[in-house]
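Visitor: I have a model open and would like to go through it residue by residue. Can we start once it is on screen?

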Amino acid sequence: MNRHSPPSAKARTAGARDVDEITGSRRLRRMRKTDWSRRLVQENRLSVDDLIWPIFLIDGEGRREPIPAMPGVFRLSVDVAAQEAARAARLGIPAIATFPNIDGKLKDVEGSHILDPENLINRATRAIKAAAPSIGIITDAALDPFTSHGHDGILRDGIIVNDETVGQVAAAAVLQAAAGADIIAPSDMMDGRIGAIRDALDANGFEDVAIMSYATKFASAFYGPYREAIGTAGLLKGDKKTYYLDHANSDEAMREIEQDLDEGADMIMVKPGLPYLDIIRRAKDEFQMPTFAYQVSGEYTMIKAAAANGWIDGERAMMESLLCFKRAGCDGILTYFAPEAAEILTRR
Ligand code: PBG
C-alpha cells in the first residue's frame, strides 16, 4: 500500500489505524530493506587504517607466552615481536604500541630501569624498526612496568610524587625517541607531563616525534588482565585513584584534554573505551583533535570469555564494538583485536 494506490475501504477498517497516516508515509525501514541500500547509507566505516595494536614484550628469544586472562594474546620476546610487527605491517595496521613485562629483579621504587637505553622497550623499538620500517611505533613512558609497587610514579611516603615522576618520564621519553619511537604516549596521568615531554624531546632534537596523550585515563576495573600481562597484578598496593580520573567525571576529563593540548599533545586518547563513548563524543565535539580510544584488556577479555562460552558471537561483537568507536568520534582504536580485525577487514 502506498499513496498512489489508496487502500480499499475494507483494508482501512481492518487495521486499527493506517501506519502511513501516522508517519506521513515516512518509513525509515525503506533504506534498511536490502544489503545494497544499507551499504549505501552507512554513515561510519571501520578500516585497517583505524587500528593500533598493543603488544606485550618479554625477555628472551623465540618466546611466545600465552596470557591466561587474555586468550589469544601473548607476551613476545623481541625477535618474535619484530616478526609480528612485520606481519602487522603486511596486514596494513598503521602502528603498534609496546608494553613490557619487566624482570622483577630490575624493578625498584623509582622505576629507574626505564632510564636504561637498552631496556626491553628500547630494544624492541630498534628491532621492530629494523624488521618493519613502515609501521609506526608508539611507546609508553609510564613507570608502572618498572616499579616494585606497580604504580605509574615514584612512591615516597605513600604518595606518588608528581614533579619528580614527570622529570623521569620526560627523560624516558627522550631515550624512547632515540631508540626510534615515532609517538610517545605517556599513560601515567601526572600533571604537566605533556609539556615536560615536549620540551625534553625538542631540546634533544626530536621535534618530529609526536605525543599521544592518554588525556582521559580513568581509574578502572577494566585494566585487570593487563596487569597480569605485564606482571604488576601482585605488586600493586592500593589503587590509582590519586592520579587517574574518577570514572564519575566528564567535565574534569575535558579539563585534562584542554590542558594536555595546551602543553602540546598532538593526539588525544580516552581509556578505557566502550564504557566511555560519551567522553569520546564530547572530546571530539569540543576539541576536533585526532581522537583515539583504548579498548582495554578487560573489554577484550569480556568479549573473548563470552564467546568462549558460546554466549555471544565473538567475531560480530568484536567488529561491532570497533565500529561503535568510530561512530562515537574516534579516528582510531588501540585494540588487542587489531590483527584479528585486520584479517577480516582485508578479506572483505
Ligand atoms: C598503566 C597502564 C594501564 C594500562 C596500560 N598502561 C593501566 C593500569 O595498569 O593501571 C591498561 C591497558 C589495558 O588494560 O589494556 N600505565
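Visitor: Which strand does F292 lie in?

Guide: F292 lies in strand 11, residues 291-295. Strands here are DSSP runs of E of at least two residues, helices are runs of H or I of at least four, and both are numbered from the N terminus. One caution: this is a predicted model, in which local features need pLDDT of at least 70 and side-chain atom pairs count only at pLDDT 80 or more, while totals for chains, interfaces and linings use all residues. Residues are numbered from 1 along each chain as its sequence is written, and side-chain values use heavy atoms, with hydrogens and water left out.

Visitor: Is F292 buried or exposed?

Guide: F292 is buried, because its relative accessible area is 10%. Buried means under 20%, exposed means over 50%, and partly exposed is in between, with a 1.4 Å probe and protein chains only.

Visitor: What does F292 touch, leaving out residues up to four places away in sequence?

Guide: The list includes I52, M212, M267, V270, C330 and L334. Contact means heavy atoms within 4.5 Å. F292 and M212 are 80 residues apart in sequence, with their C-alpha atoms 8.9 Å apart in space.

Visitor: What share of the contacts in the protein is between residues 24 or more positions apart?

Guide: Of the contacts with a separation of 6 or more, 74% are between residues 24 or more positions apart.

Visitor: Now the ligand. How many residues surround it?

Guide: 17 residues surround the ligand, and the closest are S187, R227, K271, S297 and Y336. A residue counts if one of its heavy atoms lies within 4 Å of the molecule.

Visitor: Which side chains have polar atoms by the ligand's nitrogen or oxygen atoms?

Guide: S187 has a side-chain N or O atom 2.6 Å from a ligand nitrogen, and Y226 has one 3.0 Å from a ligand nitrogen. A polar side-chain atom of K240 is 2.8 Å from a ligand oxygen. Taken alone the ligand exposes 410 Å², and the protein buries 100% of that.

Visitor: Back to helices. Where is S321?

Guide: S321 is in helix 12, residues 314-328. S321 counts as buried because its relative accessible area is 5%.

Visitor: What does its side chain reach?

Guide: The S321 side chain reaches the backbone oxygen of M318 at 2.8 Å. Beyond four places in sequence, S321 touches L274, Q295 and I303.

Visitor: And E84, which helix?

Guide: E84 lies in helix 4, residues 78-91. With a relative accessible area of 12%, E84 is buried.

Visitor: Which side chain is joined to E84 by a polar contact?

Guide: R87, at 2.9 Å. A polar contact is a pair of N or O atoms within 3.5 Å; within protein, one must be able to donate a hydrogen and the other to accept it, and residues adjacent in sequence count only if both atoms are side-chain atoms. Leaving aside neighbours within four places, E84 is also in contact with W53, R64 and L76.

Visitor: Last one: is W36 buried or exposed?

Guide: W36, in helix 3 (residues 35-41), is exposed, with a relative accessible area of 55%.

Notes:
Areas by Shrake-Rupley, 256 points an atom, 1.4 Å probe, with all protein chains shown as cover.
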